[in-house]
Every structure is written in C-alpha cells, then in structure tokens.
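The sequence and structure are shown first, and the description follows.

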Amino acid sequence: MDLYEYQGKELFRRFGIPVSEGRLAETPEEALAAADELGGPVVVKAQVLTGGRGKAGGVKLAETPEDAEAKASDILGLDIKGHVVRRLWIEKASDIAKEYYLSIAFDRGAKQPLFMFTTQGGVEIEQVAEENPDALVRLHVDPLEGFQPWVARRLIYGAGVDDPNEQKQIASIVEKLYRAFVESDAMLTEINPLIVTPEGEVKALDSKFTVDDNALFRHPDIAEMRDTEAADPLETFAREKLDGDVGICGNGAGLSMSTVDVVAHVGGRPANFCDLGGGGDAEGVVDALEVITRDPQVKSIFFNIFGGITRCDEVARGILAALDRLDMSAYPIVVRLDGTNAEAGRRILAEAGKPNIYPEATMLEGARKAVELAKK
Ligand code: GDP
Ligand code: MN
C-alpha cells in the first residue's frame, strides 16, 4: 500500500523525523484558510500516488493566502501521469540550501533492507545511479544485527557530508527512518529531497512510503489511511473498457487478463475487467462490484480467484459481506475459487444460499457459466 506524501509525513512525524507543518485542503477556499492559518509563504502540493509532481506543475510556491488559493485552483483537477489531483497538502515553505536523498528499500534479492544516501538529491534516484553512481552510497542492514550507529556514519562519510552539524542531524534521521521502516513493516521509505536549510536545519521535504500489504493487519491506523481514499474506485483499479456483457474480476493483473481471453474463448464477450489485487476483503469486493456494474452493458459477473496468499475462504466472506452492502440481485455472479482453502470458500458460498451466486471450481467452467448467464 502506497501512502500519500502527507500520510507518509505524518508517520515521519510520529517517529521524530523533522517535517514542516502543513494542512490538507480539497478546495481553493480550504487552501486559502490553510495558508492563512500557517502564515507566511506556503507550498501547495498535489497529493497523488506518483512522483515527479514538481516537474508536472503539481508543486507551487505561494506568497500569500490569496496566492495559495489561486495555485490550488490551478493544481486541483490536474492530471499527473494519469492521477487526477483531488487533494492538496499546504505546507509552510522552506528555504533550501541543499537537497539530499535518503531511502530504505527492502532488497528482495538480499532479503535485507537497503539504505541509499546521496548529496545529489532532488532529482530521481535512477538518474543519480546512472549518471553519477559513485555519489550514491548503498548499504544493507542485517536484520538480525539490527541498526548500528556505524551504519549512519558509513552513509554520511561515504556521501561526503563533512559539516558536523549536518552529520549529527542526518545520523539521527537515518536511525529514525530505520525504525519507521521496521516498525511500520514498510517496503520503502524515501525522503527526496532531504533538505538542509540556509540555517543548517535538516528535514524531510517529501515522503514516499510503501507498507507491505500483508502486514497491514498489524497496523490498523495505517490501513485506515486507505479507506479515506476509496472515494473513486475507478481510479484505484486497473480497468479496461471492452464492449461485451460479462464483467470480470480476478486477483492479480495476469489472472484478470487471462480470464478475458478464456471468456472470449468460450464464445463470450467481456465487458470490462478489474484486478482485486492481493486482498479479498469486503471493501475491495464492494469497490470492484461498483466499478464493474457502472457499465450498463454488464449482464453477468465472473469472479476468478486463485488463492495463494489470499485465501479463498476470505474472498468468499468478502463477497458475501459486499453483497450485504450492495444490491446485486439483478446480476448473476459466478465465483470460481481454486487454490488455498478453495473448498472452504465454495462451501461458505453454497451455505449462504444466495440465488444469484454460482460457485465453480475451474476457470473454464466458470467462464462458460458466466457467458451462459449473460445471454439469459
Ligand atoms: P516530487 O516532484 O513529486 O518529488 O515532489 P517534491 O515534494 O519532492 O517537490 C518537488 C520540488 O519542489 C522539490 O525538489 C523542491 O525543489 C521544490 N519544493 C518543495 N517544497 C519546497 C519548499 O518548501 N520550498 C522550496 N523552495 N522548494 C520546495
Ligand atoms: Mn520528491
């Protein structure tokens, strides 16, 4: 799960990493009020789950509250790499003397967290890695050994930071970022830029924070951050509009796309497809059903679930819970469950006795059923 900048910064703040004060705004009026409250110049920042907002015109300085209002109306509604801006983070503007980069990513190959640090921040890290690889310090942390103070020193000296005042602050941020990474079950925590102000203060001006979906159950406070985002499921799902009558939902992009082929193979016409992703909770199913049924051509719905880490019994319960919340009686819903706990899942569906649910065990049988029902 990717967090918005303002959410990542909230976590940074909790772990003691210095960030600027800010407010959330969804309208130009709210941006004006926020800037007024903060006082002085502010930065108006698009909150979208993609980088490069600055270059795309999604980050703008504003001298006065009126200016912030104007910049907010420029940025709201902007399309940044396919993400429409609906929310802004209004932050006290900082003066910047230097822009550094600091991140921790989980390195799957090494099965260890990997620190990266460079004084060449502000630009995309791939660019630094390519053009100036010597400037980028990379350092793994052995999770059994845990964080040791020498890790911070190696990063700082390796990148050539020689100001003792900066060294001290960065060492503390490095240690706190590691704690934030481990204690939040993060896959990535990135600060770009990590700035030094003309007064010598070091702080995080941006945040990129990804939490392992499979650990969200341990972090209800973080999981909750997603719920506020469920506003437009069209945006959260990879969705493809086709022109048939079978709505398709799989878990995983590959399976969803294969399902489109199989439905076509048995003589049906897919209407659209969406990817349930790794989850199968009621929230995800409700979102998926809303996306699928937004298309008036849809006559039947085909859930094609292959349980791996996602358990079929969980998905079955998610589907039933979703049907308690949405009226889907107009749609026959074929549910193919295979893989982890598939039998339990099919039993749960059968026992629920919903007349419009058709459990199936194979993808081919499920597709045939969904196509047949769409024709009725
Ligand atoms: P990104 O483009 O999505 O990575 O968004 P960032 O939050 O990193 O902002 C992009 C750039 O805007 C930064 O690299 C800074 O150069 C600039 N910026 C952001 N906040 C401030 C600020 O408070 N003051 C100044 N002067 N520049 C800022
Ligand atoms: Mn950035």
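In which loop does threonine 340 lie? Threonine 340 is found in the loop between strand 18 (333–339) and helix 12 (342–352). With a relative accessibility of 30%, this residue counts as partly exposed. Leaving aside residues up to four places away in sequence, threonine 340 touches Gly307, Gly308, Thr310, Arg311 and Cys312. The C-alpha atoms of threonine 340 and threonine 310 are separated by 7.5 Å, although the two residues stand 30 residues apart along the chain.

**Overall architecture**

The model is predicted. Its protein chain contains 13 helices and 19 strands, and the C-alpha trace spans about 75 × 50 × 35 Å along its principal axes. Of the 376 residues, 50% are buried. Among the contacts with a separation of 6 or more, 70% are between residues 24 or more positions apart. The chain exposes about 17,500 Å², of which carbon and sulfur atoms supply 50%. There are 42 positive and 64 negative charges, and their mean positions are 4 Å apart.

Asparagine 192 is buried, its relative accessible area being 13%. Aspartate 206 also counts as buried, at 19% relative accessibility.

**Salt bridges**

A search of the whole structure finds 24 salt bridges. Three of these pairs are set out below.

| Pair | N to O distance |
|---|---|
| Glutamate 5 and arginine 53 | 2.8 Å |
| Arginine 14 and aspartate 221 | 2.8 Å |
| Arginine 179 and glutamate 183 | 3.0 Å |

Glutamate 5 and arginine 53 form a salt bridge that links distant parts of the chain: glutamate 5 is in helix 1 (residues 5–14) and arginine 53 in the loop between strand 3 (42–46) and strand 4 (59–62), 48 residues apart. Glutamate 5 is buried at 3% relative accessibility, and arginine 53 is buried at 8%.

Arginine 14 and aspartate 221 are joined by a salt bridge across 207 residues, from helix 1 to helix 7 (residues 220–227). Arginine 14 is partly exposed at 43%, as is aspartate 221 at 36%.

Arginine 179 and glutamate 183 both lie in helix 6 (residues 164–183), about one turn of the helix apart.

A network of salt bridges links Glu5, Lys9, Lys45, Arg53, Glu91 and Asp206.

Note on methods. Residues numbered from 1 in each chain as written. Chains lettered and ligands numbered in written order. Predicted model: local features only at pLDDT ≥ 70, side-chain atom pairs only at ≥ 80, totals over all residues. Heavy atoms only, no water. Helix = DSSP H or I, 4+ residues; strand = E, 2+ residues; numbered from the N terminus. Buried < 20%, exposed > 50% of the residue type's maximum accessible area, 1.4 Å probe, protein only. Contact = heavy atoms within 4.5 Å. Areas by Shrake-Rupley, 256 points an atom, 1.4 Å probe, with all protein chains shown as cover. Lys, Arg positive; Asp, Glu negative; His and termini not counted. Charge placed at Lys NZ, Arg CZ, Asp CG, Glu CD. Salt bridge = Lys/Arg side-chain N within 4 Å of Asp/Glu carboxyl O.
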